[in-house]
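This report is meant to be read alongside the sequence and the 3D structure.

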Amino acid sequence: MISVEEARERILAFFDRLPAERTALLSALGQVLAEDIVAPFDIPPLDNTAMDGYAVRAADTAGATESSPREIRVTADLAAGYVLDMPVGPGEAVRIMTGAPMPPGSDAVVPFEETDEPLRGVNERPKRGDTVRVMKAAGVSANIRFQGEDVRAGQVVMPAGRVLRASEVGVLASLGLTHAMVYRRPVVAILSTGDEITEPGQPLQPGRIYDANAFAVAALVTKYGGVPRLLGIAHDTIEDLTAKLREGFDADMIVTSAGVSRGDFDVVKDVLAREGAIDFWTVRMRPGKPLAFGAFSAPGGRRVPHLGLPGNPVSSMVSFELFGRPAIFRMLGRSDWERPVVRAISRDEIRNVDGRRFYARCIVSRGEDGRYYADLTGPQGSGILTSMSEANALTVIPEDLAMAHPGDEIDVMMLDWEHAP
Ligand code: AMP
Ligand code: MG
């Protein structure tokens, strides 16, 4: 048996970052930048006001208080999106809205709240030629956002290698960009195997079950930034399996489920051995002991990596989390595939019988004392997929720990911080 780490290293050694391509910003979430982004201009492009108020000369407001306001004459109104060339002279103010560029001559903004404007009726707002009373002194630069304070022209705003999150997409858009060079998303072909497996939507014959794995794995592929391609369901015959697998030879990776254990009809391994070079491993983990990994030899000499997941739905999902996700991340150019592992207090007794690492499904939540607690989701059979649905984390019970008692601190691997049922 090999360790989880060794299996993952052997798998990762097979994958490289995919080529970069120009991609529309809205499609690039979670992808990795393949170029440095250099700012073509300053952001903000001009000094502008951070508040609705009056652009003034700060000196004109010196000493202003509620009991001794300063009267200043309003010369113009300025909305965001417009530029005023007329200078603000001594004793003058421009009524100005958030985001509007500072008019020449002004060096501070007095917010409406610090003038008598709110005390007047809606229809008595100061207009051009009126005076406004300033009731608080403004310091030079008050409430101004300065040109280039966020980004300077010529600066590398975002280096190659950065993962695009919502904020990066926003920054790129603020530079006026519509597209970015990012490493391509991997196409992952997914094939379920087994005579008993039926496509959802079809009538269910006695003895058969619906295909859960292809859908769960496809959803994980999407979630982790790949593009799933469902190849359907192959019968447990060498002919059918070979034909269906070949349909996935143009993908960046093929993922199959089932057929890798020791049953009579577990033919996945036979096909793999004929069509490529394959390792079969038993990995020191529970669930998910049997795992196949290798590569098919496709026409043209291309080698198509293959991850053969176990058939039990929980095993298949956990194995994909541990081995498929890092492979997708590597192809995307991401190295942040390590899951956050936190310490939590187990509320259950967890038995770990046979020297494997035990990834039990659990719910991690924060107690009133601010510490994390882990509750098992109930029966841990690897066919019980609802246990995966209830969980937001997996325990990481080490190979050499036979038992965790209630109250013991254990490691838990977070799958989903947002969703704590
Ligand atoms: P196998 O590895 O072929 O022995 O399958 C192990 C278990 O997983 C069996 O109970 C299968 O019926 C079940 N199984 C295999 N493939 C799927 C699938 N796509 N969806 C749901 N269960 C499956
Ligand atoms: Mg089977």
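## A network of salt bridges

Arg343, Arg371, Glu409 and Asp411 are joined in a network of salt bridges, a salt bridge being a side-chain nitrogen of Lys or Arg within 4 Å of a carboxyl oxygen of Asp or Glu. Within this group, the side chains of Arg343 and Glu409 meet with an N to O distance of 3.1 Å. This pair links distant parts of the chain, since Arg343 belongs to strand β21 (residues 341–346) and Glu409 to strand β28 (residues 409–414), 66 residues apart. Helices (H or I, at least four residues) and strands (E, at least two) are DSSP runs, numbered from the N terminus. Both partners count as partly exposed, Arg343 at 44% relative accessibility and Glu409 at 40%, where buried means under 20% relative accessible area, exposed over 50%, and partly exposed in between (1.4 Å probe, protein chains only).

## How to read the values

This is a predicted model, in which local features need pLDDT of at least 70 and side-chain atom pairs count only at pLDDT 80 or more, while totals for chains, interfaces and linings use all residues. Residues are numbered from 1 along each chain as its sequence is written, chains are lettered from A and ligands numbered from 1 in the order in which they are written, and side-chain values use heavy atoms, with hydrogens and water left out.

## Other salt bridges

A search of the whole structure finds 27 salt bridges. One of them joins Glu92 to Arg73, with the closest N and O atoms 3.1 Å apart; here too the pair links distant parts of the chain, Glu92 lying in strand β6 (residues 92–96) and Arg73 in strand β5 (residues 70–78), 19 residues apart. Glu92 is buried, with a relative accessible area of 17%, whereas Arg73 is partly exposed at 39%.

Arg162 and Glu168 form a further salt bridge, in which the closest N and O atoms are 3.8 Å apart. Arg162 is partly exposed at 34% relative accessibility, while Glu168 is buried at 5%.

Ligand 1 has 16 residues around it, of which Glu196, Asp211, Ala212, Gly311 and Asn312 come nearest; a residue is included if one of its heavy atoms lies within 4 Å of the ligand. By class, this shell has six nonpolar, seven polar and three charged residues, where Ala, Val, Leu, Ile, Met, Phe, Trp, Tyr, Cys and Pro count as nonpolar, Asp, Glu, Lys and Arg as charged, and the others, Gly among them, as polar.

An N or O atom in the side chain of Glu196 is 2.6 Å from an oxygen atom of ligand 1. Polar side-chain atoms also lie 2.8 Å from a nitrogen atom of the ligand in the case of Asp211, and 3.4 Å from a nitrogen atom of the ligand in the case of Asn213. Taken alone, ligand 1 exposes 490 Å², and the protein buries 77% of that, with accessible areas coming from the Shrake-Rupley method with a 1.4 Å probe.

## The largest nonpolar core

The largest nonpolar core has 43 residues, and Ile11, Val283, Leu307, Phe320, Phe323 and Tyr359 touch the most other members. Such a core is a set of buried Ala, Val, Leu, Ile, Met, Phe, Trp, Tyr and Cys residues joined through side-chain atoms within 4.5 Å. Among the elements that give two or more residues to this core are α1 (4–12), β12 (187–193), β20 (303–309) and α6 (313–332). The largest share, eleven residues, comes from α6.

## Backbone details

Most residues other than glycine have a negative phi, and most peptide bonds are trans. The peptide bond from Ile43 to Pro44 is cis, with omega near -10 degrees, and Pro44 lies in the loop between β2 (37–38) and β3 (48–49). The bond from Arg286 to Pro287 is also cis, with omega near -5 degrees, and Pro287 is found in the loop between β18 (285–286) and β19.

Ser141, although not a glycine, has a positive phi of about 80 degrees, and its place is in the loop between β8 (131–134) and β9 (144–145). Asn143, found in the loop between β8 and β9, has a positive phi near 60 degrees. Ser141 is partly exposed at 33% relative accessible area, and Asn143 is partly exposed at 28%.

Terms used
Polar contact = N/O pair within 3.5 Å; in protein donor to acceptor, adjacent residues only side chain to side chain.
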